[in-house]
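Dear colleague,

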Amino acid sequence: MKKALFAMAAVVLVTTACSSGGNNSTNTSAPSATQNGQAVTTVSILAKDFAPDDPNVQKLIKGIEDGMKAEGKNVKLQITPVQSGTYSEKMGLLLQSGNIPDLIYFQGGDYQFATTQKILEDLTPYIDKSKYVKASMNPYNIERMKNYPYLLWLSPVNSAIPVVRQDLMDKTASGKAALENPTIDNYYTFFKELKEKSGAKYAYTTAGNLDELDAMFGQAFGLTTTWIKGTDGKFEFGKTTQSEKEKLEFYAKMYKEGLLDPEFLTKKWDTKEKAFYDGQAAIMAGTQGKVIDLYNSKSTAQNGAGAKVVPLPPAKGKAQGYTPVDTSKESRGFAISKTSKNKDMAFAVLEYMASPKGQMMDKLGFEGSEYQIVDNKIKLTDKFAAWYPHFVESVISFTPDKEFDPTTPYFSEPAAKSLKMFESNSTKDNIFIMPADLTAKWDAATAVYKEFAADIVTGKKTGADFDKFVQAWNAAGGKDVTDYANKTIK
């Protein structure tokens with residue numbers, strides 16, 4: 001699940017003139033050829049984790065070609081290499097050069113290509129005619145495609161869900177109460193007891209910002225959407241409201257009492273996880289499903305079966321829910337180039353990978369390598385740990401024709417539970433795609449917020465400074481964005 005562990009890359013601004021008709025662009029596809037007397041369609045593909053020299057990628061490519069050929073679609077997948085470095089930047093430079101593959105995986109940097117240069121295909125008609133892609137979409141995927149029909153990502157929503165180590169929770173008396181009635185006060189009591197009795201140095205660790213802490217507490221303080229409607233009927237940015245002030249003061253209290261990792265601002269994802277596995281922190285957050293599965297595997301491998309992870313419900317207060325889901329657009333996913341001469345076959349690749357046979361290969365690998373059939377059950381091997389889905393992370397339509405061996409389930413119990421908990425505790429956000437002329441102002445206002453939030457949590461500033469922060473946020477560009485929000489949000 002490498003894709004689940006990378007944050008969304010920054011948007012690449014491009015200025016080259018690539019027309020929607022492709023007059024200044026070159027498609028990288030080789031022309032259709034013949035093989036054993038049969039026409040072969042070459043589909044070029046650019047994807048972050050498709051390294052040409054990766055043995056698993058080579059296996060997957062051959063598996064796709066063989067599987068589609070068996071269904072009468074003779075395709076050759078041609079990997080377009082991208083230089084090492086920040087993927088979205090290197091990919092943007094490649095596309096600007098006019099080297100435009102048929103099938104492109106974006107992880108940021110797509111907006112200008114879709115809306116300004118208009119070189120990305122509207123996928124709506126392809127999805128409407130599909131069988132398997134459509135069946136693999138969750139409600140949030142569907143909503144995002146309506147708003148921005150250029151990226152397809154068949155995946156659960158990438159939302160952080162907090163987990164606690166079972167062995168550390170068992171040393172407290174308040175853990176059960178927090179699970180059954182997860183009020184802010186009950187969580188605070190639980191955190192204090194974790195620090196006092198579990199052996200952990202602090203209760204909660206997070207990587208570089210407060211987002212993963214917000215996943216637990218944001219809605220409890222009333223931050224149910226990015227833009228909050230005030231008593232005057234107008235929308236205001238949630239992080240400039242009194243709800244945010246109360247939340248930050250609570251975080252400051254946690255920090256002062258040693259319940260929050262004192263190095264949370266400098267932690268990276270790997271050092272955050274190490275603190276959790278080593279028992280320095282009792283709680284951290286990760287994407288539901290496969291990432292929680294990975295956390296569980298690593299925690300139990302290092303600390304024993306008693307250290308399995310337990311997904312925690314969001315705190316209950318003014319509202320309850322994990323981080324509201326952005327439905328403005330997919331933050332990552334596959335696009336098809338408008339300049340492609342093989343659009344139908346490019347989408348056919350996505351459709352095949354969403355089919356039962358495609359999902360078996362994408363999710364499990366190959367029989368005899370990543371899994372074996374033992375007593376008519378799917379038994380995952382040690383090699384499965386190095387395999388992950390490249391096309392369809394969603395399990396909505398994943399129905400293998402055989403059961404998994406109970407000793408090697410596809411999802412551990414904590415991972416499966418995290419998916420169900422998110423489904424029952426997720427709400428839709430009202431965030432919108434920021435127009436290009438406001439992007440710089442939004443970035444500047446966001447920087448003002450991040451600096452103030454860090455200062456108030458670490459004690460450099462207090463709630464008394466909140467009004468000055470709001471003034472600074474508005475002056476940096478927040479007022480203009482707020483005006484736009486009130487014209488845009490319905």
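In this predicted model, the largest nonpolar core has 66 residues, and those with the most contacts inside it are Ile64, Leu103, Phe106, Leu120, Phe334, Leu364 and Phe391. Helix H14 gives the most to this core, with 9 residues. If you pick out Ile64 and leave aside its neighbours within four places in sequence, you will find it in contact with Leu77, Val349, Tyr352, Met353, Met361 and Phe391. Apart from this core lies another, of 54 residues, which includes Leu168, Phe191, Leu260 and Ala285.

Next, please look at helix H1 (residues 55–70) and helix H14 (residues 343–354), whose axes come within 11 Å and cross at roughly 100 degrees. Because angles of 65 to 115 degrees count as roughly perpendicular, H1 is roughly perpendicular to H14. On the H1 side the contact is made by Leu60, Gly63, Ile64, Gly67 and Met68, and on the H14 side by Met345, Ala348, Val349, Tyr352 and Met353. Of these residues, 8 are nonpolar and 2 are polar, while none is charged.

Finally, helix H13 covers residues 290–303, and since its 14 residues at 1.5 Å a residue should span 20 Å, the 20 Å between its end C-alpha atoms agrees with that expectation. Its buried residues are Lys290, Val291, Ile292, Asp293, Tyr295, Asn296 and Ser299, and they pack against strands E7, E11 and E12 and helices H12 and H16. After H13 comes Gly304, whose phi is positive, near 95 degrees.

With best wishes

Technical notes:
Residues are numbered from 1 along each chain as its sequence is written. This is a predicted model: local features need pLDDT of at least 70, side-chain atom pairs count only at pLDDT 80 or more; totals for chains, interfaces and linings use all residues. Side-chain values use heavy atoms; hydrogens and water are left out. Helices (H or I, at least four residues) and strands (E, at least two) are DSSP runs, numbered from the N terminus. The expected span of a helix is 1.5 Å times one less than its number of residues. Buried means under 20% relative accessible area, exposed over 50%, partly exposed in between (1.4 Å probe, protein chains only). Contact means heavy atoms within 4.5 Å. Axes are lines fitted to C-alpha atoms, for helices over the stretch in contact, and angles run from 0 to 180 degrees between N-to-C directions. Angles under 35 degrees count as roughly parallel, over 145 as roughly antiparallel, 65 to 115 as roughly perpendicular and the rest as oblique. Ala, Val, Leu, Ile, Met, Phe, Trp, Tyr, Cys and Pro count as nonpolar, Asp, Glu, Lys and Arg as charged, and the others, Gly among them, as polar. A nonpolar core is a set of buried Ala, Val, Leu, Ile, Met, Phe, Trp, Tyr and Cys residues joined through side-chain atoms within 4.5 Å.
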